[in-house]
Amino acid sequence: MLSGIPEVIDTDRTRLRRPRAADAAQVHANWTSDPDVTRFLPWRRHETVAMAASYLESLGVKWEEGSAHAWMITLPPSDDPVGLGLVRFRGEEAEIGYSLARSCWGRGLITEVAGALLREAFSVPSVTHVIAVLDTENTASARVAEKIGMRQVSTFTDLPHPNISDVPRPCFRYVIDRAADRAMR
Ligand SMILES: CC(C)(COP(=O)(O)OP(=O)(O)OC[C@H]1O[C@@H](n2cnc3c(N)ncnc32)[C@H](O)[C@@H]1OP(=O)(O)O)[C@@H](O)C(=O)NCCC(=O)NCCS
């Protein structure tokens with residue numbers, strides 16, 4: 001486990017908190033079963049609450065290992081999960097990811113959350129840069145990456161997006177380094 005990674009993060013409009021087993025039904029209902037939300041995600045859409053439960057369990061294991069930290073996005077005063085933000089740590093590199101219930105799209109929420117994820121990633125001293133990997137057709141996510149200061153650096157073709165096809169699809173790699181992140185704040 002990385003020391004100092006908080007279990008709760010507050011942004012202007014959201015509260016990020018650690019997932020709980022009891023979240024599974026709402027996670028499933030709110031976004032992991034939704035074809036529109038999961039279209040560009042690297043895992044199969046959850047057809048059952050049990051699949052969402054096992055996903056949450058795997059996130060708990062990764063948190064304890066320190067390989068990835070995932071938070072439920074909530075909108076206070078509600079504690080209901082409406083999305084997820086995560087940071088994966090791989091030495092000098094960290095990767096951020098996010099997803100949000102469709103009913104909450106278009107309000108700038110993920111831009112707000114992604115900024116907080118970048119802050120957490122760079123709070124680990126060994127992290128020199130943060131990346132995001134996204135399907136070349138995921139224009140909303142690309143826009144979020146740009147708005148938080150990330151720049152597209154390359155395209156590669158080795159990421160399966162199983163809700164679209166079993167054939168790996170072209171993805172953009174976006175990156176921001178520590179100096180550029182500081183300049184954004
Ligand atoms: C991508 C996603 C996280 C964005 O969440 P959001 O809270 O709606 O994002 P924001 O409101 O902060 O910003 C979205 C930006 O993309 C723009 N946008 C939205 N849909 C778009 C589209 N189809 N084409 C181009 N731009 C688009 C919005 O206008 C906004 O930019 P603006 O502020 O300049 O107007 C959300 O759509 C989602 O959960 N998608 C499914 C999961 C996913 O793809 N996750 C990313 C995997 S890499």
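Leaving aside neighbours within four places in sequence, Val 175 is in contact with His 129, Ile 131, Met 150, Arg 151 and Val 153; contact means that the C-beta atoms of two residues, placed from the backbone, lie within 7 Å. The model is predicted: local features need pLDDT of at least 70, side-chain atom pairs count only at pLDDT 80 or more, and totals for chains, interfaces and linings use all residues. Residues are numbered from 1 along each chain as its sequence is written.

Val 175 belongs to strand β8 (residues 165–177). Strands (E, at least two residues) and helices (H or I, at least four) are DSSP runs, numbered from the N terminus. Val 175 counts as partly exposed because it has 17 C-beta neighbours inside 10 Å; a residue is buried with 20 or more other C-beta atoms within 10 Å of its own, exposed with 12 or fewer, and partly exposed in between, with C-beta atoms placed from the backbone. From Met 51, Val 175 is separated by 124 residues in sequence and by 31 Å in space, C-alpha to C-alpha.

The ligand has 21 residues around it, of which Trp 105, Ile 110, Thr 111, Ala 140 and Arg 143 come nearest. Two or more residues of this shell come from each of β5 (93–100), α4 (109–122) and α5 (139–147). The element that gives the most is α5, with 5 residues. A residue is near a molecule or strand if its C-beta atom, placed from the backbone, lies within 6 Å of it.

Elsewhere, the loop between β3 (68–74) and β4 (83–90) holds Pro 77. The peptide bond from Pro 76 to Pro 77 is cis, with omega near 10°.
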